[in-house]
Amino acid sequence: MSSGASHDGLAVCGVTRRFPAPEGGYVTALDNVSLTIEPGEFFVLLGPSGCGKTTLLRTIAGLEYPDEGEVRLGSERLDVLPPYRRRVNTVFQSYALFPHLTVAENVSFGLEMEGMSRREAAPLVAEALELVRLPDFGRRKPAQLSGGQQQRVALARALAKRPEVLLLDEPLAALDLKLRRGMQTELKRIQQTTGVTFVFVTHDQEEAISLGDRLAVFQSGTIAQIGTPQEVYERPASRFVADFIGDTSFLEAEFTGEGYRLTSGEVLPADRVAGPGGGAPGPVTIALRPEHLVLAAEEAPLHGVVRESVYVGSDVRVGVELTSGEQVAVRLAVGAACPEPGRRVALDLLPGRAWTVAA
Amino acid sequence: MSRRGPARSGRTSRWTVLPGTLLLLALVGGPLVVVVAYSFMSRGMFGVGVAGPFSLDAYTRLLYDTELDGSRAFDPRYLGVFGESVWLAALTTVCCAALAFPMAVWMATRPPRVRALLVFAVTIPFWTNTLVRTYAWMLILNDNGPVSGLAGAPIGLLYTPFATTVGLVYVSLPFMILPVYASAEKFDFRLAEAAYDLGARRLTVLRRVVYPAVRPGVIAGVVLVFIPSLGAFLQPQLLGGGKSMMVGNLIEQQFGASRNWPLGSAVAVALLALTLLTLMGFALLGRRGDQKASLL
C-alpha cells in the first residue's frame, strides 16, 4: 500500500482567496499564503474557525480556486486542474459517504472513476479496508456504522486512490475524546505505513502538536508561524500563537539590560526569560506556561495571592494574581503542598523557558 | 360507561375518520360501482343510458368487431387508442423528467430565499384554469400565431400529436418539478464534492450520486405525470384536433356522440385497470429500491 511520495513536495505560493461578503465588499479568506510541504510529511494546518485553513485545504483539493497565486505538486501546477485530474484526495469533516452505496462500493467508487471495473477494484478495496481495520464491513451501509467506523471508511475511500497527498478536514472533530485519541494513533500509523503526505486541518492545538511533523498556525487568512510542534510550542512567534497554543499567561515588562522589570516593580533576572530581541532595552511581553513556574521561598522574584486551586486529575492548577495585577497559572503535582485560596505565595521561573513575544 | 378505562389516544381517532371515510365511499366508491355495473349492461333505448340484463358485449367490442352476419373479427382500433395514449403519456413523462431534473437540482442549489421564490414561480400556472391555458397554446401554435410568425410561414403545428404533447408537458411539468425538487432539496451537496474529489466528472456525479438520492422524487413525479396524462382529454381534443385519439376522448365520445354508455364504461374500466397496473409497477420499482437499501 505504499504509493510512496514520488513528488517533490506540495508548494503553495502566494495564494489569495476572497469571498463576497453578505453585507457587500469582500472577505479575504487567504491573504498571500505560501508554504511548502515535504513529501511524506504529516503537516497540520492549525487555527481558530474562520482563519482560512479549510479554504486552503479546499484550494489544494480543487473545490476552490485561488484568486491569486498557485499550488504546485512537484513540477505540476495543480490550481489550474479540475479536482478529478489531481492526485490529491480528501477526507471530509462530514465524512460524505454515499448513503446509497455499501462500504465496499463507497471505497470502490474512486477506483471506478479511474476506469477500473468493480471486479478489478475489489482487491484494492479489500486492502484499503484492511488498512483501516474494517475488513469485514464491506457489505454494510454507512448508516449502519458508528461515527468512528464511518471515519475509517472515509479514510479508506480516499487512500484507495493512492493519492500523492491526502487532505483531512477536521476528520476527528465529531468523535468523542477517547475515540479521537485512538484515531490519532491510527492516523499516525497509517501515515507512516503508506508514506502518503498528510495535510491535516484542525482547530485542536493538542491534536496538532501530537500528530504533526510540522504545523502552520493560521491567523485570519495569514500564516502566523510554521514549525515543528516543539518550535511552535516553546518558541511562539507572536502573542497570538502563544495564546492559541497551550495555556499561556502574559506579563508586560521592561527589559533593562540586566533583567525584566514588571509593572509591579519586581525584577525577573535576565536568565529566566529567553527569546528574540534580547539585548536592546525596551518594553516586552513575556509568555509564561504553567510548567515554567514553581512555588518558591520568599526571596523569589514574583509574589502574588492564590485566587483558585483546581484539581484536574493529573495535577492541580493554581491561579495566582501577581502583585502587578496580572494573572498566571501554575501547575503543581497532586500531593504536593497545595496552597488554599487567599494565601500569599512566592513564585520563581525555571531558567530559559519563558519566551518574549511580539505583541 | 363507568367500566370503561381511561380513553386511549387511539380510540378517539377511530371516529374522527368516519365522516371522511363515508364521503370517500359515497363519492369515489359509488360512481365506480355505477361505471363497473354499466360496463356489464347493454345500450338503452336510442343509446340513452343502459338496459339490463348482464352482458359482456361491451368488453367483447373492445377487442372484436361483430359483422352483420354475426361473425367476429379481431379489431385493433380500440387497442390502438390505448397504445396511442400510453405512447403520448410516456413521451410526456420522459420530456417532463428530462426538463424537471436539471431544473429541480438547479433550484435546490440556490440560496434559501431564492428557492422559496422559485417554488412559488413553479406554482403560478395553477392559478389559471387548464382550459384557458390550453386555449392559450392554441393561439400560440396556430398558423397565425407567434411560432409561425417567427418561422416566417405557417408550419402547421396545431392539430398534431406534437401539439398534444406540448400541451401535456406544459400542464404536467410542475407535477414533476415539485417532487423532484423536494428530494433534491434534502440532498447533501457535500456528497457531490466528495464525488468530484474522488475523480468523478459532472455527469457521473449527477448519474451516480445525485440521481440515486433524488430517485424517490422522480418516481413520485413519474406517477403524478404519467397517470393523469394517460386519461388526458382536453389536450388531444383542442391541440391534437381530435386527429390522434386518446382514451379520454374515446370515453367522452361513447358517452356523448356515439351514445354507447356500456362501451364507454368498459373503456373507463380498462383505463382504470391499466392505471392500477402502472401504479403497482411503480410501487414494485420503489420497493425494490428499498429492499436493495435494506439488504446490502
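**Entry 1: a bridge in the sheet of chain A**

I began with V44(A) and looked up its bridge partner in β8(A), which is F200(A). I note at once that this is a predicted model, and I read each entry with that in mind.

Putting the strands in order, I wrote down an open sheet of six strands in chain A, β6-β7-β8-β3-β9-β10, with mixed pairing. Which strands stand at the edges? They are β6 (88-91) and β10 (222-227) of chain A, each with a single partner strand, so one side of each has no neighbour in the sheet. Neighbouring strands of this sheet are turned by 20° against each other on average, when direction is ignored. I also looked for a helix over the sheet, and found that α4 (residues 147-159) of chain A lies across β6 and β7 (165-169), running at about 175° to β6(A).

**Entry 2: where chain B touches chain A**

Turning to the two chains together, I record 16 residues of chain B in contact with 20 residues of chain A. On the chain B side, α9 (190-197) and α10 (202-230) are the elements that give two or more residues, and α9(B) gives the most, with six. By class, this side of chain B has 10 nonpolar, two polar and four charged residues.

**Entry 3: two helices of chain B**

Last, I looked at α5 (residues 112-123) and α8 (residues 161-186) of chain B, whose axes come within 9 Å and cross at roughly 155°. The two helices are therefore roughly antiparallel to each other, and α5(B) passes α8(B) in a left-handed crossing. From α5(B) the contact takes V119(B), V122(B) and T123(B), and from α8(B) it takes P174(B), I177(B), L178(B) and Y181(B). I classed these contact residues as six nonpolar, one polar and no charged.

How values were computed
Residues numbered from 1 in each chain as written. Chains lettered and ligands numbered in written order. Predicted model: local features only at pLDDT ≥ 70, side-chain atom pairs only at ≥ 80, totals over all residues. Pairing = 2+ DSSP bridges. Helix = DSSP H or I, 4+ residues; strand = E, 2+ residues; numbered from the N terminus. Axes fitted to C-alpha atoms, helices over the stretch in contact; angles between N-to-C directions. Contact = placed C-beta atoms within 7 Å. Nonpolar A, V, L, I, M, F, W, Y, C, P; charged D, E, K, R; others polar. Parallel < 35°, antiparallel > 145°, perpendicular 65-115°, else oblique. Left-handed = near helix turned anticlockwise from the far one by under 90°.
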